[in-house]
Amino acid sequence: MRFDRYDGRSDAGAAAQFQQDDAICKGESAKAQAMAAPIYSGRTLADAMEAGMLEGQRNQALRQIMVGCMAGRGYSMTVVTLQP
């Protein structure tokens, strides 16, 4: 993920503000993760598969918290794909 300012600013003040906003939003995401119930993988393959699916859903929810927080602070999110 990459976040860009809605207003397009890229000066030193905007970079400093981004560092602060990024830290705050990462903290919000970490707080949500800390309050989440643990995911147990169990003893069977089916239990492990279910735990993996739940983990994926949780990670998606945490990304949405980050994106929403940053949007509230004036940033849009761009998905960055890595080229081989």
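Colleague: At roughly what angle do the axes of helix α1 and helix α2 cross, and within what distance do they come?

Modeller: The axes of α1 (residues 12-35) and α2 (residues 45-72) cross at roughly 145° and come within 9 Å. Axes are lines fitted to C-alpha atoms over the stretch in contact, with angles from 0 to 180 degrees between N-to-C directions. This is a predicted model, in which local features need pLDDT of at least 70 and side-chain atom pairs count only at pLDDT 80 or more. Residues are numbered from 1 along each chain, and side-chain values use heavy atoms.

Colleague: Which residues of α2 make the contact with α1?

Modeller: Leu-62, Ile-65, Met-66, Cys-69 and Met-70 of α2, where contact means heavy atoms within 4.5 Å. On the α1 side, Phe-18 is one of the residues that take part.

Colleague: What makes the pair of Phe-18 and Tyr-75 edge-to-face?

Modeller: Rings pair if their centres lie within 6.5 Å; planes under 30 degrees apart count as stacked, over 60 as edge-to-face and the rest as tilted. The centres of Phe-18 and Tyr-75 are 5.6 Å apart and the planes are at 70°, so the pair is edge-to-face. Phe-18 lies in helix α1 and Tyr-75 in strand β2, 57 residues apart.

Colleague: Why is Tyr-75 called buried?

Modeller: Buried means under 20% relative accessible area, exposed over 50%, and partly exposed in between (1.4 Å probe, protein chains only). Tyr-75 has 2% relative accessibility, so Tyr-75 counts as buried.

Colleague: Why does Phe-18 count as partly exposed?

Modeller: Because its relative accessibility is 22%, Phe-18 counts as partly exposed.

How values were computed
Helices (H or I, at least four residues) and strands (E, at least two) are DSSP runs, numbered from the N terminus. Rings of Phe, Tyr and Trp (its six-membered ring) pair if their centres lie within 6.5 Å; planes under 30 degrees apart count as stacked, over 60 as edge-to-face and the rest as tilted.
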